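Please look at the sequence and the model below.

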Amino acid sequence: MSETNAVERVREFLARFPYDIPIYEFDESTWTAELAARALGVELGQIAKTVMFTIGDYPVLVVASGDVRISRSKLKHHLGLTGKVRLADAETIAELTGFAPGGVCPFALKEPVPILIDKSLERFPVVYVATGSPHSAAPMSLDQLLTITGGQMADVAE
């Protein structure tokens, strides 16, 4: 799927909700949380990075502040799973989300995937999520993010 199609899919998904959330598109890369914060002119922690992990065959998306690391042991404990926690590979990410790494949006997913929203995002009135490409982002409140993703709050950051 092209970046343009992915961003359009996200735009159409957002239109289902009673929010007026713009999608910002950039010439420069927003591939990493650091690059996204620079492009947006915001704190690193305001970037709501979306990371896919697998525990055995179980995939999960974790959305957390750009300035924290995800604790694999906390993640495993929260989910009550055993097995090795791994970062998902690019193929798995694309297959399940429909997005390429660097632009993974935590909603408008190709396949249903459990979503955890880390409490590290509670510090900010507005956070920015990737919207399908490594050149785009959208601002939203934590409540909006929870509603749009259908995710659950979790404490999985180190």
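Strand S2 (residues 47-55) has eight of its nine residues buried, so S2 is largely enclosed by the rest of the structure. Buried here means under 20% relative accessible area, with exposed over 50% and partly exposed in between (1.4 Å probe, protein chains only). Strands (E, at least two residues) are DSSP runs, numbered from the N terminus. This is a predicted model, in which local features need pLDDT of at least 70, side-chain atom pairs count only at pLDDT 80 or more, and totals for chains, interfaces and linings use all residues. Residues are numbered from 1 along each chain as its sequence is written, and side-chain values use heavy atoms, with hydrogens and water left out.

Two strands pair if DSSP finds at least two bridges between them. S2 runs antiparallel to strand S3 (residues 58-65), joined by eight bridges, and Lys49 stands opposite Ala64 of S3. In the hairpin of S2 and S3, two residues lie between the strands, and Gly56 has a positive phi near 65°. Strand S4 (residues 85-87) also pairs with S2 in the antiparallel sense, over three bridges; there Ile55 stands opposite Val85. With strand S6 (residues 127-130), the pairing of S2 is parallel and has two bridges. Ala48 has Val129 of S6 as its bridge partner.

Ser136 belongs to strand S7 (residues 136-140). At 1% relative accessibility, Ser136 counts as buried. Its side chain makes a polar contact (N or O atoms within 3.5 Å, one able to donate a hydrogen and the other to accept it; residues adjacent in sequence count only if both atoms are side-chain atoms) with the side chain of Thr131, at 2.7 Å.

Terms used
Helices (H or I, at least four residues) and strands (E, at least two) are DSSP runs, numbered from the N terminus.
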